Amino acid sequence: MISLIGFLSLCLSTFFSFLILLPKSIININVKYLFLFLKTSTFLICISFLSLVIAYINSDFSNFNVFQNSHSEKPLIYKISGTWGNHEGSILLWLCMISIYGFLYSLTSRSLDNFKINVIKIQNAIFLIFAFFIIFTSNPFLVNTVEVKEGLGLNPILQDPALAIHPPMLYLGYVGFSLVFSLGVASLLNNNDNKSWIAETKKWSIISWTFLTSGIALGSYWAYYELGWGGWWFWDPVENISLMPWIVGLALVHSLIMIRGEQAIERWIVFLSILCFSLSVLGTFLVRSGILTSVHSFASDASRGLFILLIFFLTTGFGFLVFLIKSPTKKNNLNLLLINKTSALIINNILMIIAMLTILLGTIYPIIIEVLTNTRISVGGPYFNSTVLPILLPGFLLMSIAPVLSWQSNKIKKFKVYVLFFLILSCLVSIYSYFTNFNIWGFLGIILGLWIILASILSIILRYKFLISFSYLKSINSFIAHIGVGVMIIGITFSSVYQNEYSFNISLGDEINIDNNMLKLENIKIVEEKNYQSLKAAFSLTKKNEIIGHIFPAKNYYPVSKMITTEAGIYHDWLKDIYITLGNEENNIWSIKVYLNPLVSFIWIGVFIMVFSGFVAVFKK
């Protein structure tokens, strides 16, 4: 019954969205009825998604999707997250979010009715395309033809709190760019007469980019402790796919900031708006077509992949066709100087687009080669580290000096103060690098991260009078975002360049010395959990004869899926993580790997600062 309600709600929602698209020559309705149709459609698609959630919570195995992806013994959180832990459910969530974004826009927009209606129509056209995709190829409400008592269970690696909320956060970013796309195309159709579209695009771009940042960070943190590889980023194809719209979205946000300074580059903003959503749809196609091999991908139906590829060509083709035909022709006078904020932002934008294209090439090149030659090749970390990082490095350099630049002139206030602090910082980092294992990437990363932080703090101190108010927080918000980037760069640099890896064979009661700490294997036991068995090792960590913590690496066996997963044990410290994975046992001797990851916590702190800054920026006019 619940599946029938869900499917009927989906179909009715599609019907009301279709009514919104009908031209006035066919159906002459008042504007208020148009918004009523939108509200009704949004309400119905939310009912449809909630119906699927309820089916999972109740373990309704008459629903084929629930049968394939759930089990009655699963904890409640994983029953709920199982709703979007599969292809059909995740696309339904995607569809629901498209409608919610359109609905929220209709409530908050202050634009003229003609422009607002165009935005809503474009957003509903996107909704309809994905709705037809679900109804005809990915229906999550199919009913089993035979009675079944138990489900097949959810993929064990998806049964994790971080990954339970990772897809919704990621989708809030991806789908948010659909509204940015709609705003950009509507601005062309309305000949850019209504300038409020710039402010609205800025707000929704920041919201989408912030959610996407949160989603990527959650996925990265999950990979850090769940996969047991000792790292947090592996240039996996699905990671690359999420990174591309993030980079373009960052370029878009910075371009919208430039409008404040120069009242220009509308054409470039529209281009980036279309490109952000196009990359989101392209990523969806690559993940769900089965042509990518990744630990993150979980759909491999070629027919579905072709349908999404068609969606990609429809949305991208329509967007860029309107862009070419209706793009603004007036020339904006850019105040380009040798070194000012406008010049720095333009160069930074160009570097970001080049970095995105480099990542795209490295991701799809193996696919092209396999199609042409039937030979599988892999492009991994060495390619991306040697190409993408050098491209982004000048961008980071520009970011380090951006806070001190002016919009309208080459002059830098308190220039001597900044130079003095930069020279002092350079000397200190040089001395540190000389007395440690010198690494050029480590040297550059440390000096860039610290200078971004220091220059931002100096700018706040020199330019603003301290006040305890939200207005003060908004005025320094861009500097706060840069501080977050600087903190993240330091975390990335230390955890990547100065990571140490050790392999040991250890028996119960043995002790090993790790970074002047004694690590002792106390015991190993099997723990029976609700839906899995856990082989858990207990290590004590001692410093100066005092126990400072315990670390519990494990291997989990899921009998329903007959899969074994590795769970890393991590001792978190502000300055370093001690990271342990449990290997095989032979004659009561266990093999373990130990990673020392210095300052890795700075990555998550930096991301948190950026996300906080993103939400503050939403309220900044």
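Helices H7 and H8 are roughly antiparallel to each other, because their axes cross at roughly 155 degrees and angles over 145 count as such. The model is predicted.

**H7 with H8**
- H7 and helix H8 (residues 196-226) have axes that come within 7 Å.
- The crossing of this pair, H7 and H8, is left-handed.
- The contact of H7 with H8 has 20 nonpolar residues, ten polar residues and one charged residue.

**H7 with H6**
- Helix H6 spans residues 113-137, and helix H7 spans residues 161-189.
- H6 and H7 pack at an angle of about 130 degrees.
- The axes of H6 and H7 lie 8 Å apart.
- H6 passes H7 in a right-handed crossing.

**H7 with H5**
- Helix H5 covers residues 87-108, and its axis comes within 9 Å of the axis of H7.
- The axes of H5 and H7 cross at roughly 50 degrees, which makes H5 oblique to H7.
- The crossing in which H5 passes H7 is right-handed.

**Cavities**
- Three cavities of 30 Å³ or more are present in the structure.
- The second largest cavity holds about 60 Å³ of space.

**Lining of the second largest cavity**
- The lining includes His71, Lys74, Gly153 and Leu154.
- Gln159 is also one of the lining residues.
- Asn531, Tyr558, Val560 and Ser561 line the second largest cavity as well.
- By class, this lining has three nonpolar residues, five polar residues and one charged residue.
- Lys74 is in the lining, and Lys counts as charged.

**Placement of the second largest cavity**
- Domain 1 (1-155) gives residues to the lining of the second largest cavity.
- Domain 3 (500-601) also gives residues to this lining.
- The second largest cavity therefore lies between domain 1 and domain 3.

Notes: Residues numbered from 1 in each chain as written. Predicted model: local features only at pLDDT ≥ 70, side-chain atom pairs only at ≥ 80, totals over all residues. Heavy atoms only, no water. 1 Å grid on protein atoms, 1.4 Å probe; cavity = no way out; pocket = protein on both sides within 12 Å on 5 of 7 lines; lining within 4 Å. Points joined across faces, edges and corners; volume = space filled by probe spheres on them. Domains from an automatic or database assignment. Axes fitted to C-alpha atoms, helices over the stretch in contact; angles between N-to-C directions. Helix = DSSP H or I, 4+ residues; strand = E, 2+ residues; numbered from the N terminus. Left-handed = near helix turned anticlockwise from the far one by under 90°. Parallel < 35°, antiparallel > 145°, perpendicular 65-115°, else oblique.
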